[in-house]
Amino acid sequence: MDFVSGLFYAEPAYIRVFTACLRYLAPVLVAVLLFRCMKPLLTFRKEPEIWAWLCLADGRKMSVTHWENVIGRSKRSDIVVNFPTVSRSHAVLTRYDDGSWTIADADSKDGVFVNKKRVRIRALQPGDVISIGGVDMELQPISRRQEKHLAQLRTKASTIFSSFANLFLLTVFQILCAVGFLLGGGGENAVDILIGFGGIMACQWALLLFYVCIRRTSFEVETIAFFLSTMGMAVLATVDPGEALKQLIALALGVVLFLVVGWSLRDLERAKKFRYVAAIAGIGFLLITLVFGREYYGAKNWLVIGSLSIQPSELSKVCFVYVGASAMDRIMTKRNLFSFIAYSVLICGCLALMNDFGTALIFFCAFLVIAYMRSGSVGTLALACTALGFAGVVALKIAPHALRRFATWRHIWEAPLEGGYQQTRSLMCMAAGGLLGLGAGRGWMKNVFAADSDVAVATVCEEWGLILVVLIILSVIALAVFSVRSASVGRSSFYTIGACTASCIMLVQVILNALGTVDVLPLTGVTFPFLSNGGSSMLCSWGLLAFIKAADTRQNASFAVRLTKKGGAEDE
């Protein structure tokens, strides 16, 4: 018997049988789990909520289905008044948390009149006559009783039993993962492995029980996040088990951040006030990094405090979404539009000085999403010019290490021991893993630099197979599609823009990370949400997830949406 065969047969038969079964069972179990989570997110019936009626003088009624509504002649307006005297974007009708309404002029040609008096912005009272382009109308908000009745007619979220079943499937998968690593040679790291996977299980069940207490039943978005975090812990169990506790602490803090951001979104007036704190914090994180940051691999984007290292630009992503979404309280005014442009340019300048090209690209994509969703006829040209300038500054400030990566792009096999080392090894290991992988803890990718972060996808593919990697990517895509589908029935543009921007950031990170690993795109060092090792990245991922969760208008789904009590009052 040769040496290789001797090594193979030295492993007990029961371990070989368990590993072989796990290779086939894991993708099936994950596919069932993700199907159960994705189906309600992608197939829910989109039902606009009616909050008021605009009654015209001729007796016609137009439903008001959002909290911020653009009234105008354009087909893109929320409320279309197709009269030649009405501007394309004439006015903005806004509802507040206390049920009050305001009408604001959107820089129209003929102005907005309330009770025959021209107004810039005006709180509406019962019986007020609104005149837009000579068209008279009256706002009739629905009553509390009608609001409660309409809420009962909305699509119900998944039952709590379904959420428990999904989490049970995930728990079974997590237990199998832990056992697979322990049997696959991870005995010396048994404590770290058990702490890592056991801690995730404790966090997810605690969060679900909290949801039960506050009468929320939907847990699909959170289950997907915990699944991705589980795969991240599986990567750590292979590459660096000693990091498991630190990553678990980051996950727990991320869940806390998720709840805090969600709580802030329950009250839109409170959330809009938070934008000032978020704006200062987003810039502050970057300025502090510029002054006190430490440079690694050509980018000055790390703060080191004793044994703790953080990447503040990750937290700035959450702040950026907050600022971009909450600037919609005067949806069409030039002041807010240009203020956000200036804020984006300042963010870009800081990242350019830090030589953080990958993060700058993510911010640029987020800016484009916000700009597209916020732009009307007023600022389209300005937004386009600013976007061009944004990209130009980034291009001029590309760091030397990023330029080297661009030079290596599509030429990795010409320098397999130098610039192309990570990607050539990643491709070889992914090929070795095939569709089902080699088994937990049995890969070689752990010997490659950043196998738990920049090229974590290759580590998963080698040990768990290409099928599981595809499912991981599809789960992030499902979150993005859910955000887009929810946009058409979103209550407030705050929720809509926040969710779409947050999912865009996640999706761009997935594209840059996954396609960079296989050399389709340059390797920029961007992390994969929830999957890559890094406390800052984990906090950012959970913070962004809160915006996606807040956009869910299904009944009893999101804790960011108040429930209606039996007596008709809202939860506090």
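Tutor: Happy to! Let's begin with Thr 65, which is buried at a relative accessible area of 16%, since the cut-off for that word is under 20%. Please keep in mind that this is a predicted model. Thr 65 belongs to the loop that runs between strand S2 (61-64) and strand S3 (68-72). If you set aside residues up to four places away in sequence, Thr 65 touches Pro 48, Glu 49, Ile 50, Trp 51 and Gly 490.

Now step back to the whole chain for a moment. The protein chain has 572 residues, and 57% of them count as buried. Its secondary structure comes to 18 helices and 14 strands. Among contacts between residues at least 6 apart in sequence, 68% join residues at least 24 apart.

You will find Met 233 in helix H6 (residues 220-239), where it counts as buried because its relative accessibility is 4%. Leaving aside neighbours within four places in sequence, Met 233 is in contact with Gly 196, Phe 197, Ile 200, Ala 244, Gln 247 and Leu 248. Asp 452 is 219 residues from Met 233 in sequence, yet the C-alpha atoms of this pair are 9.3 Å apart in space.

Ala 450 sits in the loop between helix H14 (421-433) and H15. Its backbone deserves a look, with phi near 60°, a positive value in a residue other than glycine. Ala 450 has 11% relative accessibility, so it counts as buried.

On to helix H15 itself, where Ala 458 lies. Ala 458 counts as buried, with a relative accessibility of 0%. Beyond its neighbours within four places in sequence, Ala 458 contacts Ser 426, Met 430, Met 445 and Thr 517. Val 469 is 11 residues from Ala 458 along the chain, and 8.7 Å separates their C-alpha atoms.

How does H15 (residues 456-464) lie against helix H16 (residues 466-487)? Their axes come within 7 Å and cross at roughly 135°. That angle makes H15 oblique to H16. On the H15 side, the contact is made by Val 457, Val 460, Cys 461 and Trp 464, and on the H16 side by Leu 466, Leu 468, Val 469 and Ile 472.

Ser 503 counts as buried at 6% relative accessibility. Not counting residues up to four places away in sequence, Ser 503 touches Leu 479, Ala 480, Ser 483 and Ile 548. In the loop between H17 and helix H18 (535-550) you come to Asp 519. Asp 519, other than glycine as it is, has a positive phi, near 70°. At 5% relative accessibility, Asp 519 counts as buried.

Last, the rings. If ring centres within 6.5 Å are taken as a pair, the count comes to 20 aromatic pairs. Phe 210 and Tyr 211 make one of them: their ring centres are 6.4 Å apart and their planes are at 55°, so this pair is tilted. Ring pairs link Phe 210 and Tyr 211 with Phe 219, Phe 226, Phe 258, Phe 530 and Trp 542 into a cluster. One more ring to look at is that of Phe 44: the charged end of Arg 485 sits over it, 4.6 Å from its centre.

Terms used
Residues are numbered from 1 along each chain as its sequence is written. This is a predicted model: local features need pLDDT of at least 70, side-chain atom pairs count only at pLDDT 80 or more; totals for chains, interfaces and linings use all residues. Side-chain values use heavy atoms; hydrogens and water are left out. Axes are lines fitted to C-alpha atoms, for helices over the stretch in contact, and angles run from 0 to 180 degrees between N-to-C directions. Helices (H or I, at least four residues) and strands (E, at least two) are DSSP runs, numbered from the N terminus. Angles under 35 degrees count as roughly parallel, over 145 as roughly antiparallel, 65 to 115 as roughly perpendicular and the rest as oblique. Contact means heavy atoms within 4.5 Å. Rings of Phe, Tyr and Trp (its six-membered ring) pair if their centres lie within 6.5 Å; planes under 30 degrees apart count as stacked, over 60 as edge-to-face and the rest as tilted. A charge sits over a ring if NZ of Lys or CZ of Arg is within 6 Å of the ring centre and within 35 degrees of the ring normal. Buried means under 20% relative accessible area, exposed over 50%, partly exposed in between (1.4 Å probe, protein chains only).
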